[in-house]
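Visitor: I have a structure open and I would like to learn how to read it. Where do we begin?

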Amino acid sequence: MNPYTIFADIIAGRAPASVVYDDPDVLAFLDIRPVTPGHLLVVPKVVARNLAELDPALGGKLFQVGQQLAAALRSSEVGCDGVNFFLADGVTAGQEVFHVHLHVIPRTPGDGFGLRARATSPHRADLDYLAGSIRGALSRG
């Protein structure tokens, strides 16, 4: 897979972006295709195409910056009532740009944004079985 993304040019300052946060590790800017006004993207400055390639400490920092941005959105002219975080990891999850990025999406009543899903009600035995499988995968590293 080609590691190039537009985010590399934005991080390097070769492409325009409406930046709201910048530190040595992380950059945050307004999405050019926002689902609501004030929709932000938080990206690590190192190339990581997916979560498996992202240092966990840096992943944590993405969410810390996202938390700061959520507070800023609420007190800015955006004036949202809530905030959704969204991170798509892989094509099936909806990832379109292959550089890890956290969406910080301001929410207001009736804004039209939402996740669509059909929840199920599995039996406890099925949940316990899957929990055991996931615990096993964690212990294998």
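Guide: We will go from the whole chain to single residues. Keep in mind that this is a predicted model.

Visitor: How many helices and strands does the chain have?

Guide: The chain has three helices and five strands. Read from the N terminus, the order of elements is α-β-β-β-α-β-β-α. The C-alpha trace spans about 50 × 40 × 25 Å along its principal axes.

Visitor: What share of the residues is buried?

Guide: The chain has 141 residues, and 31% of them count as buried. The chain exposes about 9200 Å². Carbon and sulfur atoms supply 56% of that area.

Visitor: How should I read a sheet?

Guide: Start with the general idea. Strands of a sheet pair through backbone hydrogen bonds, either parallel or antiparallel. Here, five strands make an open sheet, in the order β1-β2-β3-β5-β4, with antiparallel pairing.

Visitor: Which are the edge strands?

Guide: They are β1 (19-22) and β4 (82-86), and each of these pairs on one side only. From one strand to the next, the twist averages 20°.

Visitor: How many bridges join β2 to β3?

Guide: Five bridges join these two antiparallel strands. Find Leu30, then look across to β3: Leu40 stands opposite. Next, find helix α2, residues 56-75, which packs on the sheet. This helix touches β1, β2, β3, β4 and β5 (102-107). The direction of α2 makes about 155° with that of β3.

Visitor: Which residues of the largest nonpolar core touch the most other members?

Guide: Val26, Val42, Leu54, Leu62, Leu69 and Val104 do, in a core of 15 residues. Two or more residues come from each of β2, β3, α2 and β5. Helix α2 gives the most, with five residues.

Visitor: Take Leu54. What does Leu54 touch?

Guide: Set aside residues up to four places away in sequence. Leu54 then touches Pro44, Ala48, Gly59, Leu62 and Val100. There is also a second, separate core of seven residues. Among them are Ile10, Ala15, Leu41 and Val43.

Visitor: How do I read a pair of aromatic rings?

Guide: A pair of aromatic rings is described by the distance of the centres and the angle of the planes. A search of the whole structure finds two aromatic pairs. One of them joins Phe7 and Phe29, with ring centres 5.6 Å apart and planes at 70°.

Visitor: Why is the pair of Phe7 and Phe29 called edge-to-face?

Guide: Planes over 60 degrees apart count as edge-to-face. The planes of Phe7 and Phe29 are at 70°, so this pair qualifies. Phe7 lies in helix α1 (residues 6-12) and Phe29 in strand β2, so the pair ties together parts that are 22 residues apart in sequence.

Visitor: Are Phe7 and Phe29 buried or exposed?

Guide: Both are buried.

Visitor: Now a loop residue. Where does Thr36 lie?

Guide: Thr36 lies in the loop between β2 (26-30) and β3 (40-44).

Visitor: Why does Thr36 count as buried?

Guide: Buried means under 20% relative accessible area. Thr36 counts as buried because its relative accessibility is 4%. Now check its contacts, leaving aside neighbours within four places in sequence. Thr36 is in contact with Ile105, Pro106, Asp111 and Phe113.

Visitor: And contacts over the whole chain?

Guide: Take contacts between residues at least 6 apart in sequence: 52% of them join residues at least 24 apart.

Definitions and conventions
Residues numbered from 1 in each chain as written. Predicted model: local features only at pLDDT ≥ 70, side-chain atom pairs only at ≥ 80, totals over all residues. Heavy atoms only, no water. Helix = DSSP H or I, 4+ residues; strand = E, 2+ residues; numbered from the N terminus. Buried < 20%, exposed > 50% of the residue type's maximum accessible area, 1.4 Å probe, protein only. Contact = heavy atoms within 4.5 Å. Pairing = 2+ DSSP bridges. Axes fitted to C-alpha atoms, helices over the stretch in contact; angles between N-to-C directions. Core = buried A, V, L, I, M, F, W, Y, C linked by side-chain atoms within 4.5 Å. Areas by Shrake-Rupley, 256 points an atom, 1.4 Å probe, with all protein chains shown as cover. Phe/Tyr/Trp six-rings, centres within 6.5 Å; stacked < 30°, edge-to-face > 60°.
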